[in-house]
Amino acid sequence: MERLKIDCAREVDRDTLVVILARNGYTVRHGKEKRGKGNAYTHFVECWKEGRI
């Protein structure tokens, strides 16, 4: 199962991505990672397709 991480700065765009991906059968989550030494964060949407075992 390969996970795809999509960087997306705007909250509205992240929400739209989550809805589109979820409606097409992907498992999705959104999060943030600290970038560098400052207080800056990178926001992202992560998605993957659940496979049958």
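This is a predicted model: local features need pLDDT of at least 70, side-chain atom pairs count only at pLDDT 80 or more; totals for chains, interfaces and linings use all residues.

Visitor: What percentage of the residues is buried?
Guide: Buried residues come to 21% of the 53 in the chain.

Visitor: OK, fold next. Which elements are there, and in what order do they run?
Guide: Starting at the N terminus, the order is β-α-β-β. That makes 1 helix and 3 strands. The chain is more spread out than a compact globule, because its radius of gyration is 13 Å, well over the 10 Å that the globule rule gives for 53 residues.

Visitor: What does the C-alpha trace span along its principal axes?
Guide: Roughly speaking, about 40 × 25 × 10 Å.

Visitor: Now the charges. How many positive and negative ones are there, and how far apart are their mean positions?
Guide: There are 12 positive and 8 negative charges, and their mean positions are 3 Å apart.

Visitor: How many salt bridges does the structure hold?
Guide: It holds 4. One of them joins the side chains of E46 and R3, at 3.9 Å from N to O. E46 belongs to strand β3 (residues 41–49) while R3 is in the segment before β1 (4–7), so this pair ties together parts 43 residues apart in sequence.

Visitor: Are those two buried or exposed? Take E46 to begin with.
Guide: E46 counts as buried because its relative accessibility is 8%, under the 20% cut-off. R3 has 44%, so R3 counts as partly exposed.

Visitor: Which residue does K5 meet in a salt bridge?
Guide: K5 meets E33, with 2.7 Å from N to O. This pair also links distant parts of the chain: K5 is in strand β1 and E33 in strand β2 (residues 26–34), 28 residues apart. K5 is partly exposed at 39% relative accessibility, and E33 is partly exposed too, at 36%.

Visitor: Which partner does R10 have?
Guide: R10 forms a salt bridge with D13, and their closest N and O atoms are 3.9 Å apart. R10 counts as exposed at 52% relative accessibility, whereas D13, at 32%, counts as partly exposed.

Visitor: Changing topic: where does R35 lie?
Guide: R35 is in the loop between β2 and β3. Its relative accessible area is 49%, so R35 is partly exposed, as exposed means over 50%.

Visitor: What is R35 in contact with, leaving aside its neighbours within four places in sequence?
Guide: With those neighbours set aside, R35 is in contact with A40, Y41 and T42.

Visitor: And what separates the C-alpha atoms of R35 and C8?
Guide: A distance of 14 Å separates them, with R35 and C8 being 27 residues apart along the chain.

Technical notes. Residues are numbered from 1 along each chain as its sequence is written. Side-chain values use heavy atoms; hydrogens and water are left out. Helices (H or I, at least four residues) and strands (E, at least two) are DSSP runs, numbered from the N terminus. The radius of gyration is taken over C-alpha atoms; the globule rule is 2.2 Å times the number of residues to the power 0.38. Buried means under 20% relative accessible area, exposed over 50%, partly exposed in between (1.4 Å probe, protein chains only). Lys and Arg count as positive and Asp and Glu as negative; His and the chain ends are not counted. The place of a charge is taken as NZ of Lys, CZ of Arg, CG of Asp or CD of Glu. Contact means heavy atoms within 4.5 Å.
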